[in-house]
Amino acid sequence: MRDICLLRGHEKEVSTLTWHPFHTCLLSTGGNDGSIYHYLLNEPNAPPNTAPSIAPYDSAEPANAPAQTIYPAHRLQHAHDAPVWSLDWHPLGHILASGSNDRVTRFWTRARPGESECFNDRWHLGEAAAENQGAWNARAGR
């Protein structure tokens with residue numbers, strides 16, 4: 001056996017992962033820093049100034065080609081306040097459940113088409129940045 005794909009992006013250890021039940025190229029991971037990342041395995045999403053890599057089986061010499069590196073398509077940097085230990089998609093694929101050491105289970109859904117305000121919340125920005133933007137009130141807890 002050999003590695004054919006490397007998922008990069010987490011700042012700390014990856015503690016859990018789950019495949020989407022219908023979108024077979026979507027893999028979600030949870031990290032020890034409380035983050036949740038979504039990877040599209042058919043899109044490398046290379047950061048700026050980084051050359052995208054190709055899958056070994058798409059190269060001229062698959063046996064000698066390096067593993068493909070894929071970066072997250074979407075990040076929830078502050079999904080939990082402690083390590084994410086469990087992730088699981090609903091069988092219909094519309095809800096992702098996450099469990100954490102912060103003693104909270106969260107249920108996540110995707111944004112509606114055209115909705116961009118949802119990315120300015122405390123789970124994407126962090127509590128301090130969201131509070132500075134007026135999207136979160138730490139004293140009220142909302």
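What share of the 142 residues in the chain is buried? The answer is 35%, where buried means under 20% relative accessible area with a 1.4 Å probe, counting protein chains only.

Before I go on, a quick word on the ground rules. This is a predicted model, where local features need pLDDT of at least 70, side-chain atom pairs count only at pLDDT 80 or more, and totals for chains, interfaces and linings use all residues. Residues are numbered from 1 along each chain as its sequence is written, and side-chain values use heavy atoms, with hydrogens and water left out.

Okay, the overall layout. The chain has nine strands and two helices; these are DSSP runs, H or I of at least four residues for helices and E of at least two for strands, numbered from the N terminus. Along the sequence, the pattern reads β-β-β-β-β-β-β-β-β-α-α.

Now let's look at one sheet. Strands of a sheet pair through backbone hydrogen bonds, either parallel or antiparallel. Here, three strands make an open sheet, ordered S7-S8-S9, with antiparallel pairing; two strands count as paired if DSSP finds at least two bridges between them. S7 (84-89) and S9 (105-108) are the edge strands, each with a single partner, so one side of each has no neighbour in the sheet.

Zoom in on S8, residues 96-100: four bridges join S8 to S9. Leu 96, for example, has Trp 108 in S9 as its bridge partner.

Last, contacts, meaning heavy atoms within 4.5 Å. Take those between residues at least 6 apart in sequence: 53% of them join residues at least 24 apart.

Conventions:
Buried means under 20% relative accessible area, exposed over 50%, partly exposed in between (1.4 Å probe, protein chains only).
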